[in-house]
Amino acid sequence: VYSNRSHALSKLGRFQQALEDAERCVAADSRWWKGFYRLGEALMRLERFEEAHSAFRRSFACRSCPSDRCPELIKKLAEARQKADPPGHVAPARAGAEVGYAGLAAGAVGYAELAAAGDAMRQGRWGEALRALDACAGRDCVADMQKVKMHTMRAAAHMHMGDSRSALRAADSALALDPLSRTARVVRGKALVALGRYHESLSCLDAADAIEEERLRLGPAFGGGGAG
């Protein structure tokens, strides 16, 4: 009811009321993708683009999101990202960005361990790669996008070692941080195939294809980690 009313109110130009109903919808069921979708739509109309982008990400990340809506959601995500960060805009520093020399040093070690894991994976030393990734995971100051890469690499290593359940968990961790990571979705799809969850795998791989198509269409304007 709240979802439908939010949509109707938005069509009537009553965007604040549409937002309030969308918020009620999300509060009633935080696992339903359409509640976050309605929330994103209302926030876009109110020109609260950063919040809209966050809402669309939550919608896309919901397990209930059907695969045939993924291309539309990817476009909504890209549109919100473009409007939140127009050309020439310099984003303000986020709270906690100043981590100090100790934090920077910890981050540098984390990235070195990530590189070491990559070298081990290229040589097929999967156990060594996982140990390096575990060490990287222990660093509190590793940036979110590096964490996405770390979880995705862990998922790939687990798949090569025949542990599809651990691969699925690692891919889910990557997608929780960046639902637009195409590589994480591909690895997740492969893990689901190995587990015999074919319908879910098809949905996941369809989303990966849609992400890649949108990334190629938008080029640098595409704001997600779709190529990673």
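1. The side chain of Thr 152 reaches the backbone oxygen of Val 148 at 2.8 Å. Thr 152 belongs to helix H8, residues 144-160 (helices are DSSP runs of H or I, at least four residues; strands are runs of E, at least two; both are numbered from the N terminus).

2. The model is predicted: local features need pLDDT of at least 70 and side-chain atom pairs count only at pLDDT 80 or more, whereas totals for chains, interfaces and linings use all residues. Residues are numbered from 1 along each chain as its sequence is written, and side-chain values use heavy atoms, with hydrogens and water left out.

3. Thr 152 is buried, with a relative accessible area of 8% (buried means under 20%, with a 1.4 Å probe and protein chains only). Leaving aside neighbours within four places in sequence, Thr 152 is in contact with Ala 174, Ser 181, Thr 183 and Ala 184 (contact means heavy atoms within 4.5 Å).

4. The protein has 11 helices and zero strands. Of its 228 residues, 42% count as buried. Among contacts between residues at least 6 apart in sequence, 57% join residues at least 24 apart.

5. Which helices each supply at least two residues of the lining of the largest pocket? They are H4 (49-61), H9 (164-177), H10 (182-194) and H11 (198-218). The largest share, seven residues, comes from H11.

Technical notes: Buried means under 20% relative accessible area, exposed over 50%, partly exposed in between (1.4 Å probe, protein chains only). A polar contact is a pair of N or O atoms within 3.5 Å; within protein, one must be able to donate a hydrogen and the other to accept it, and residues adjacent in sequence count only if both atoms are side-chain atoms.
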